[in-house]
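Me: Take one part of this model and look at it closely. I would like the helix packing and the pocket beside it, in one connected account.

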Amino acid sequence: MVGDGADTPMTTAILPSRCVLCAACCVYRCSISRFAHSVPRIGGLWYDARNVRTVRRGALHYMGFSPGSHRALSSNPRALSEHRKATSTVQKIYTGRGDDGYTSLIGGARVAKYDPQPEAYGTLDEASAALGLARATATSAEVRAAILDVQRTLYRLMAELATVEGKTTAYEMTIEDVRRVEDATNAWTARVPVQREFVVPGDTLAGATLDVARTVIRRGERLVTRLAHEGHVTNTHVLPYLNRLSSLLFILGRFEDVQQTGHTSTAAKGGGDAGDTGDVRE
């Protein structure tokens, strides 16, 4: 219902806001005799047939047209239709194809979401998320850069693990990836005091989140190891990379602890045995 005066003829319509405006836009071009004595309310303002041009321009402005462009678009019905469609369509980020509990691998195959393959690359995705938290909390710009490099490498590794078995991929891990993480681990180790005892995470937020990411990487390594031992992962550089990566994350955590507290990380035994090692890295 529009209008509210006893002496004013009424028009009724139940239309979406865009439809009301589109109808107003058409008043100027179509017969306006049916609206000549009506007073439609659009956008909180009252209009009559004498200023229907204002209604039309306001409708076009509502739909996203820039001032002066309404003449060109109104003379091109196809362009006008496409513009309306583009401005009223919301892009969806979901497909619904996984509603049955299956997911697609790179290469087209469909497997259950609990299949060992998505379980493995999904765990590395979890590790990357934990690394994102570590990167957000790290106080050292160098540590943040090192973490970002790891996240980008994990992205490649996840793509390799998500590829149909036997199909080649451009994302395969190489010996250069293994050497790069080894060199980084050695460089960071030289910058912090060596701790041979087990440590208790929690001296700093950044150090603790790096330890969380490290343990998720370890879990991912166990899952990928099963795939490799069962013959599903044949790239011999994948397991060495993951094994080295947990060592890098351990030492990055210790670096953050030392940088922020001025002392080494808290020992699990309160000054444990000299023969103990922090991560049992092999």
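**Helix packing around H5**

Reply: H5 and helix H8 (residues 205-229) pack at about 165 degrees, and their axes lie 8 Å apart. H5 is therefore roughly antiparallel to H8, since an angle over 145 degrees counts as such. The crossing of H5 with H8 is left-handed. By class, this contact brings together 18 nonpolar, 5 polar and 3 charged residues. Note that the model is predicted.

Now turn to the other partner of H5. Helix H5 covers residues 116-137, and helix H6 covers residues 141-161. The two pack at an angle of about 165 degrees, with 10 Å between their axes. H5 and H6 are therefore roughly antiparallel to each other. Their crossing is left-handed.

Which residues make the contact? From H5 come Gln-117, Tyr-121, Leu-124, Asp-125, Ser-128, Leu-131, Gly-132, Ala-134 and Arg-135. H6 answers with Arg-144, Ile-147, Leu-148, Val-150, Gln-151, Leu-154, Leu-157, Met-158 and Leu-161. Sorted by class, the H5 and H6 contact has 11 nonpolar, 4 polar and 3 charged residues. Leu-124 and Leu-131 of H5 are among the leucines here. On the H6 side, the leucines include Leu-148, Leu-154, Leu-157 and Leu-161. Arg-135 of H5 and Arg-144 of H6 also take part.

H8 has a further partner. The axes of H8 and helix H9 (residues 238-261) come within 9 Å and cross at roughly 170 degrees. H8 is therefore roughly antiparallel to H9. The contact of H8 with H9 divides into 13 nonpolar, 6 polar and 7 charged residues.

Last, the pocket. H5 and H6 meet again in the lining of the second largest pocket, where each supplies at least two residues. About 330 Å³ of space lies in this pocket. Its lining counts 19 residues. Nearest the centre are Glu-160, Thr-163, Glu-165, His-232 and Val-233. How does the lining divide by class? The second largest pocket has 5 nonpolar, 8 polar and 6 charged lining residues.

To recap, H5 packs roughly antiparallel to H6 and roughly antiparallel to H8, while H8 is in turn roughly antiparallel to H9.

Terms used
Residues numbered from 1 in each chain as written. Predicted model: local features only at pLDDT ≥ 70, side-chain atom pairs only at ≥ 80, totals over all residues. Heavy atoms only, no water. Axes fitted to C-alpha atoms, helices over the stretch in contact; angles between N-to-C directions. Helix = DSSP H or I, 4+ residues; strand = E, 2+ residues; numbered from the N terminus. Parallel < 35°, antiparallel > 145°, perpendicular 65-115°, else oblique. Left-handed = near helix turned anticlockwise from the far one by under 90°. Contact = heavy atoms within 4.5 Å. Nonpolar A, V, L, I, M, F, W, Y, C, P; charged D, E, K, R; others polar. 1 Å grid on protein atoms, 1.4 Å probe; cavity = no way out; pocket = protein on both sides within 12 Å on 5 of 7 lines; lining within 4 Å. Points joined across faces, edges and corners; volume = space filled by probe spheres on them.
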